[in-house]
Amino acid sequence: MIGLSLLDDLNDRQREAAETIDGPVLIFAGAGSGKTRALTYRIAHMVREKGIAPEHILAVTFTNKAANEMKERITRLIGDDARRLWAGTFHSICSRLLRRYGEEIGIAPNFVIYDEADQTALIKQAVSIADIDSQAYTPTRIRWAISSGKNELLDPQDYARARKGPFDEIVARVYSRYQQALRENNALDFDDLLVKAVELLRSRPKVLAALQERLRYVLVDEYQDINYAQYELVKLLSARERNICVVGDDDQSIYGWRGANVGLILSFQADNPNTRVIKLEQNYRSTQKILDCAHAVIRVNEDRAEKRLWTENGAGDNLVVYEAVNEEEEAAYVAGVVARQVRNSGTRYADYAVLYRANAMSRNLESAMREKGIPYEVVGGMSFYDRGEIKDLAAYLKLIYNLDDSISLRRIINKPARNIGEGTVSRLTQLAHSEGVTLFEACRLAGEESDLRKAQKEAVLHFYSMIRRLHEDAAAMSVSGIVKAVLERSGYTDALQASGKADDADRVDTLGELVTDAVKYEQSADEPSLGGFLERLALLSDLDKAEDLGSSVSLMTVHASKGLEFPIVFIVGMEEGIFPHERSMGDQFELAEERRLFYVALTRAQRMVYMSHARGRTIYGSPHGMIPSRFLKDLPPESIDCKFDADSPLMPRMFGDEEAAVRERTVLAGGIDITDVLRRARENSAAAAAQRQEPQTPPAQPSGGETVPEPTEAGKRKPAGATRKKAARSPAKQKKAASVQPLGTGTKVVHEDFGEGIVVSVDEKGDEPAVTVAFVAKGIKKILANHPKLKVRR
């Protein structure tokens, strides 16, 4: 029998949460604080010790996984009585209510639930009937706007009154027709499950009273993620008894982009007088240094409930911040650390997670893992090369390369939407068979086909002309040029950008990564060609399919990591415009959510966190200088290490004066001012770059040498009167300097004696430029750029 001995297993605050049954209760459950344990024991205590019938308890959460885990744990505690609970997700609970009581508001119990694809199809019909330009107002964008309105419980009429502007007027027109189509099909979309459940409770007092009588205790998990419709549902159900317990953590509210309103958990006390507030702050997951860093970051947010996590796990090791030259070197660093630790420290691949802000960032990480032979799994999404947008673009490239490829043609003939439906493709297939030509050539004959409407003929002929021109132009274009041309001429990128959907913005970023991939292929291939690039894509996408992913490194977005934990966590791409994302710039609410997202990333780790950022990053095929994320300077210096060990080729990122400055600050201050060090590094790099851009040999110069102003700090010059003599170069030295091979920061090189390495700095001050290279086997070396044993790695 479960009694006090069960609750004795809980800590004081968990036990308080389990024993506080009546009235409104707000439980702030910090990351790793044993929330699920406290909730399941609370329900077991209610049933076994307080005698509350399970059917009087409603437990709501957000995911099926969380709901199933809760049910399983409760079953282990109270046995078969758990089956009498009302427990599930918001959508499953609402569906259950509507199938039982929906006829009260005209909903047949055998209604079907439409997914996003079904919804988009209906919206396309509504757009067509309303004679709306589907290119200017895409169905997907309209669907998201309708969903946003439903989250706020706005019906078509309310939406039309509340929204302003041309796009909102279009949405209101489509919204009305869309709802009519749903009714005709006896269908509800996901949002309707909530909207119609609230409508039912508001408009049918007897139904509401019956449910309030039955569901006397309401418990809601992940309350920080609810939207207004969910808030209203819970409020209605709990209004009579007021026995409502909500659990959440405002510091982990990261779904504002899909309607979550963090303000609802923060206003719970105001909405429910005499609320009992309980804070679960003891953490069972992480070290104290990880928690201290997480707190230092999140406390900057102004609108939050004050709480601070603590642990008995011990202080742990300092977290690491690593500065890479570029994204490739960053990925190599991550893979190198994993490989080294698994080999030397007894860790397992499954102990590691690599977190990034956007899906597009997985490409370099996947390549680095493959190069090291490290098994990995892309969690919460497909591998970079398996993503739909990448396969679509690859299909364009394959068709351009081989016009006989009918499989690729079928995939992209209507991507983006061109008014070429399945019926048209079917007729083109018949035409190809009857005329004995390829499917692509059948497109050319479409103008002569009487069974096709004028609009269809024009769309098919336009597609044919676009592909034909790309095929002809490709012979004179670089691989990256072809990729860019496809994205521009096909309208693929424009369509994604026009949708207004966050996921589509990520897809644009992913396509930009493929442009970058093409550029780097050109740089590394002996004879780059479109055929060679396509072969490389095919081979990459087929790798690692036989790996045992149960023992793999996990690669995932920070959003996908919510609710998970790992012994060792890498957080990559810690740069302004990436993390925090550029979309959050200038918006205090979105920036606060980005900060919460970083807090979530930090608190996934049990033992160790590595954070990395790059000095430069190739974005959409072009190099960009990057600025370290503002979040890094919030980290407490005493809990952070900046790696620069000159004996390790994977670690050093500071050289010369900067390395000395780091070492000096470490000795004198006991910590590192990362922001200041990196600022100075950037200033010095910029000054060096400015000097390199100056003319080395003036058009004319006196025979005895020239008089030039002397450079001072940060590239500034002394007044004209303060000069120094500079000896003129001899013709031999000028010729020698001109023959120096082109080397820049990030260039991969190979030395006959030292092996492979990467250029980390360039010194062009003398007659013979020199480079500092981090060699894999021999560490840091400074050698002449034109040394005969040094070659650019192909």
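Analyst: Threonine 618 has proline 623 of β18 as its bridge partner. That bridge belongs to the pairing of strand β17, residues 616-619, with strand β18, residues 622-625. The two strands run antiparallel and share four bridges; strands count as paired when DSSP finds at least two bridges between them. Two residues lie between the strands of this hairpin, and tyrosine 620 adopts a positive phi near 55 degrees.

This is a predicted model, in which local features need pLDDT of at least 70 and side-chain atom pairs pLDDT 80 or more, while totals for chains, interfaces and linings use all residues. Numbering starts from 1 along each chain as its sequence is written, and side-chain values use heavy atoms, without hydrogens or water.

The protein has 30 helices and 26 strands, taken as DSSP runs (H or I, at least four residues; E, at least two) and numbered from the N terminus. Seven of the strands make up an open sheet with parallel pairing, and the order across it is β13-β14-β12-β15-β16-β11-β19. Its edges are β13 (376-378) and β19 (640-642), each of which pairs on one side only. On average, neighbouring strands of the sheet are turned by 20 degrees against each other, direction ignored; axes are lines fitted to C-alpha atoms, for helices over the stretch in contact, with angles from 0 to 180 degrees between N-to-C directions.

Helix α15, residues 288-298, lies across β11 (319-324), β16 (605-614) and β19, and runs at about 50 degrees to β16. Helix α27, residues 588-602, also packs on the sheet, where it touches β11, β12 (352-356), β15 (566-571) and β16. The direction of α27 makes about 130 degrees with that of β16.

Helix α2 (residues 12-19) packs with helix α3 (residues 35-48) at an angle of about 40 degrees, and their axes are 8 Å apart. From α2, the residues that meet α3 are Gln14, Ala17, Ala18 and Glu19, with contact meaning heavy atoms within 4.5 Å. On the α3 side, the residues are Ala38, Tyr41, Arg42 and His45.

For the protein as a whole, residues 24 or more positions apart account for 72% of the contacts with a separation of 6 or more.
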